[in-house]
Amino acid sequence: MLRLNKEWETKLGLFRNDRRAYYSFLLLAFLFIISLPAELICNIRPLLLVVEGKPYFPIVITYSEKDFGGVLPSEPDYKSKNFTNLLSGIESSPIDTEENGLGLDLGDFEDEEDESIPEIKNRFEPINNSPREYWMLWPPVRYDYKYIPTESVTGNVVLAAPYRTETHDGDGFHLSSWKDGHYLGTDDRGRDVLARLVYGFRISMMFGVSLAITGTLIGCLIGGTQGFFGGWVDLSGQRLTEIWGSIPRLFILIILSSFLVPSALLLFLILNLTAWMGIAAYIRAEFLKIRNYEFVKAAKSLGVSNFKIMRRHILPNALTPVVTFFPFEVTAGILALVSLDFLNLGVPSPAPSLGELLAQGKNNLHAIWILLPTFITLSLTITLLTFVGEGIRNAFDPRKTLS
C-alpha cells in the first residue's frame, strides 16, 4: 500500500481541515464525474430498445432502419413519429407534402404509367406492417448537444422557454418546453440547452485539466533544466522565454486559424505554446535553490547522472508550487476556452461550449434560460476551483506546516 511521508500527510490533513476547500473539492469532483458519461444522461438514442423480446442497444451500437423492418440503410430517428409508426406497423409516407414540405405527393403520380411509381411507394412504406410489441429505456434527457427536433408538441422549437410565454402576436401563449422534454428550453437553433450545458461543462473541465497537466509537465522540464544547469543555459533560456512570452497568443490563434481547420486539438496545441511559462518560472527558482543543497552535492560526488538527480532528488522537493498552482492553471484553461468560444475563435459549432452559450445569451437577452444557467455553471466552477486552490495554498504554507 502506497503511504505518504509525514510532511505530505500533514499537508493533506491541513487541507481536509479547511472545510470550505475540502467540500468544494468534493462537489467539483462529483459534478465532473457525473458529467463524464454525458452520453448516458443526454442522448437522442435510447439506452435499451426491446422489440418482440429482442434487445437492441442504440447507445453503443449504430443500427439502420432495416434492422427494425424498414428499408432505409441510414440510422433511424428514434424520437420521430415515423420510427414509432414503423414499430407499430402503421404505414407512413415521408414524401407527404404537409409533413416534409417537399412539394410532392403520391397522388401526383396516379395518372402516370411509369413503372418506377411502385418503387417510389414501396420505398417509403415499412416492409413489416404487422404491429409489434416494443419498449424503450431513455436517458433522463432525450436530446444531445446537436440534435435539432423537427416535431414539437408546443409548436415552438427555436428559443423555446421552459415556462409559458406569450406568442409574438400577443393572441395566445406558448406552452412550457417541458412538454417536449426541454427542461432548460432551447437555443436559437432549437438545440436543448441542458444537454449543451452538460456536454459543455465536461469539455471545459477536460480541456482545463489537460491544459494544466501538459503546461505543468512542459514547465517543469524547461524550468528545471534552466535552474539545474544555470549559467548560459539559464541566461539564454530566460531571454528566449521573454521573447516568446511577448507574442500575444490571440494573434497566434487568429493567424493559425486562418489557414488551418479550427478544432479543439488545434486550440489545445496553441494554448500550450504559452501555458507552461508561469509554472516554469517557479520551478526554475526552486531548482536554483535546491541544487546547492548538501544532498544534491553528495549525489553528484557519487556519480549519479544529472537527469536522475533532477528527477529523484530535486523535483520531489520542488513540487510545492506545482501542486499549489495547479487549480489556478485549470481555472485559466477554462477561462481561455470560454473566452475564445465567446469571440467565435474557439471550438467550431456544433460542438458544445459554455462560451458559445454565453454569446447566445448576449444576442438574445430575453432568453434568460440560456444566459442564467450558463453563467451560474461557469461562476460556480470558477468559484469552487478558487476555493480548492486557496485551500491547497494554505495547506502548503511552510509556516502552517511547521507549526
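**Ground rules.** I'm working from a predicted model, where local features need pLDDT of at least 70, side-chain atom pairs count only at pLDDT 80 or more, and totals for chains, interfaces and linings use all residues. Residues are numbered from 1 along each chain as its sequence is written, and side-chain values use heavy atoms, with hydrogens and water left out.

**Ring pairs.** I looked up how a pair of aromatic rings is described: by the distance of the centres and the angle of the planes. Rings of Phe, Tyr and Trp (its six-membered ring) pair if their centres lie within 6.5 Å; planes under 30 degrees apart are stacked, over 60 edge-to-face, and the rest tilted. By this rule I get 17 aromatic pairs. One of them is F15 with Y22, edge-to-face, with 6.4 Å from centre to centre and 85° between the planes.

F15 counts as buried because its relative accessibility is 10%, while Y22, at 24%, counts as partly exposed.

Next I checked Y78 and F83, which also pair edge-to-face: 5.1 Å centre to centre, 75° between the planes. Y78 is buried at 3%, and F83 is buried at 3%.

**A cluster.** I found Y78 and F83 in one aromatic cluster with Y56, Y63 and F68.

**A charge over rings.** Which rings does K79 sit over? The rule wants NZ of Lys or CZ of Arg within 6 Å of the ring centre and within 35 degrees of the ring normal. K79 lies over the face of W138, 5.7 Å from the ring centre. The charged end of K79 also sits over the ring of Y143, at 4.3 Å from its centre.

Conventions: Buried < 20%, exposed > 50% of the residue type's maximum accessible area, 1.4 Å probe, protein only.
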